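Colleague: I have just started learning to read protein models, and I would like a close look at one part of this one. Could you pick a single chain, walk me through how it is put together, and then show me what it touches?

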Amino acid sequence: MNQTFAEKLFSRKNLQGEPVSAGDVIEAKIDGAMLHYHANEPLYDMALQAGFKNGMPRVWDPEKIFVLLDHHQPTLSLKQADENALIRKEVERLGIKNFHDSEPGIAHQMMLDYAYMRPGELVVGNDSHTISYGAINVGGNGITRADMFYALLYGELWFQVPESIKIILNGKNPNYPIAKDIILYLAGQYGDDFANSMSIEYSGTLSSQLSIDSRMCLSAHGVEVGAKLATFEFDNQVKDYLDSKTNIPYEPISADPNATYKNEISLNVDEMPFVIANPHQFGNVSPIDEASGIKVNQAQIGSCANGRYEDIEIAARVLKGRKIAKGMRFLISPASQSVYLKCLKNGLVETLIESGAQVITPGCGICQPKIGFISDKEVCITSTTRNFKGRKGSFNADIYLAGPLSVAYAALCGEIRNPTEILNDI
Amino acid sequence: MTFNLNQSIEGRVWKFGNSIETDAINPYYHYPTMEEMKLHTMEAYRPEFAKEVKFGDILVAGTNFGCGSSRPGLVLREVGIAAIVVESVSRLFLRNSIARAIPIFLAPGILDLVEDGETLRVDYAGSHVVNVKTNKQLKIRKFPPMIEKIFEIGGLPEFAYARFQKENPGSNV
């Protein structure tokens, strides 16, 4: 067989036990299911709507369900507290083993921190950024809450096996993170749906140099270009990481050399400029020079795309011994408690607070937004996931997306500037 | 809510562009309840939409409709949208529409077929959409049989319940 990653994954998981090809509609067995906030809908509300009198009668496997109440931790309202209380009750009743309701953080990062998913598995989650698990060779797949209801009951779900697109990244990995620039650059070149319903396979000489943090960013943003899966090859870096976290065996997937791709895209990052997504779409991208001089009110580093150690470390490196611009609100939200603790132990938090930045509780708040709203005519530059109109508050505010280095440099300057200006000093 | 795919739908068209995100469909950051969202859906693109949309209207949009988060289009059904016809759709919005039996149809070329305010007829059984004024038509894509069954029974949770009853006869849960 000459199969892509996606064809191998879905052949392995096909309930009929037969090999499948792109385009086939199948029912697949799933290996794990991640639920985050609003888990009450698939866990309870939909069961009643569907006809079960007392809620869900069972779950298919209490060991393989992961409930992490990320967006609403800590709760910001009584309504959220009530929802979380209902979820807690249902989780206990159904015997679900993996439950995190007292630990703030982004579910996707915690899934990685706890090694709740492993290479070669098909893991679904009722959040679009579940696709990020592809960073460690997992078939991470965002589904909807109603899909999740079905998956919880049966451990199965329908899928159409996707066509695949190969993205070959070459060049040298610099000493600062560039994953955000890469995906923004690609979205600018090829459109914000260039991988619509497809499976992205990252390869090339750069891909193997990228940290797991950078791979998580690129895989998470698969959804911003429409993808169903966005995977990296399994390698020693991933093996070493998992060896330190879990004894559960796994079987990575590698595409066959003669697999069929719908498209192939190559990018040499040595020739790539720093870029920025202008308001109000992910694909509205230009070299950062074209936005140079735009005054900024708020800067942010965080989210499942860029709230990891390397994203925060580069900010600390830019700001070490310096002060952010007067009046600048610089919000930094580590992706999980584990990331936060590492930043703290290595002195990054101290550096950032001394510079005038605010380090806030891990979670999804600054991206979604639950906290850090912006007012009319204000400008925000952020390394979070999306810049849709009104996403940070006012419809008349402008949100720019950029990598963490560009964001930190804007926080320092008070305006958008090309971070090549500071490369010799960090 | 069950939906008979084979029943034709005719309605006034509301036209939108490319990459309309689920945040615009569900502006829940500002309006967390369904009742509030009904008054503000799509206002990021067309502030008059929520006020003027009528039951039976059809929403037409460009490529990548429903991009962004995994939120569904239930609010569009609540304000009366009888069908969504698009150039292309984000996969999660499509999954949501199937799982909640919200009629959505893929008709590449739709933006050129019909203008805002014109009347469109969707004939899934005949595999086409028609601009009632010009009588021009376009092919729409058929869903696989399994997906048609999910529409028929009213969505995926309902499909799951029916399977459970079949596999556990006499169960009283």
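Modeller: Among the contacts in chain A between residues at least 6 apart in sequence, 76% join residues at least 24 apart. Please keep in mind that this is a predicted model. Of the 426 residues in chain A, 58% are buried. The C-alpha atoms fill a box of roughly 60 × 55 × 40 Å along the principal axes. A compact globule with 426 residues would have a radius of gyration near 22 Å, and chain A, with 21 Å, agrees with that. Its secondary structure comes to 13 helices and 18 strands.

Let's start with one strand. Strand β5 of chain A runs over residues 122-125, and both of its faces are covered. A:Leu122 and A:Val124 lie on one side, A:Val123 and A:Gly125 lie on the other, and all four are buried. This is the pattern to look for, as side chains in a regular strand alternate between the two faces of the sheet.

Now look at the partners of this strand. Strand β2 of chain A (residues 32-35) is joined to β5(A) by three bridges, and the two run parallel. In this pairing, A:Met34 stands opposite A:Gly125 of β5(A). Strand β6 of chain A (residues 139-142) is joined to β5(A) by four bridges, and this pair also runs parallel. Here A:Val124 stands opposite A:Asn141 of β6(A).

Next, a helix. Which residues of helix α12 of chain A are buried? In this helix, which spans residues 348-355, they are A:Leu348, A:Thr351, A:Leu352 and A:Ser355. They cover an arc of only 95° around the axis, which puts them on the same side of α12(A). The spacing makes sense in general terms: an α-helix has 3.6 residues a turn, so residues three or four places apart point the same way. Just after α12(A) comes A:Gly356, with a positive phi of about 105°.

Let's step back to the domains. The domain assignment of chain A gives domain 1 (7-267) and domain 2 (276-425). Taken over C-alpha atoms, their centres are 25 Å apart. Domain 1 of chain A puts 34 residues into the contact, and domain 2 of chain A puts in 32. On the domain 1 side, α4 (107-113), α6 (179-190) and α7 (212-220) of chain A each supply at least two residues. Of these, α6(A) gives the most, with six residues. By class, this side of domain 1 has 14 nonpolar, 12 polar and eight charged residues.

Finally, here is what chain A touches. In its contact with chain B, 35 residues of chain A meet 32 residues of chain B. On the chain B side, the elements that give two or more residues are α1 (22-25), α5 (91-99) and α8 (156-167) of chain B. The largest share, six residues, comes from α8(B). The residues on that side of chain B divide into 16 nonpolar, 10 polar and six charged.

Terms used: Residues numbered from 1 in each chain as written. Chains lettered and ligands numbered in written order. Predicted model: local features only at pLDDT ≥ 70, side-chain atom pairs only at ≥ 80, totals over all residues. Contact = placed C-beta atoms within 7 Å. Nonpolar A, V, L, I, M, F, W, Y, C, P; charged D, E, K, R; others polar. Buried ≥ 20, exposed ≤ 12 C-beta atoms within 10 Å, placed from the backbone. Arc of directions from axis to C-beta. Rg over C-alpha atoms; globule rule 2.2 N^0.38 Å. Pairing = 2+ DSSP bridges. Domains from an automatic or database assignment.
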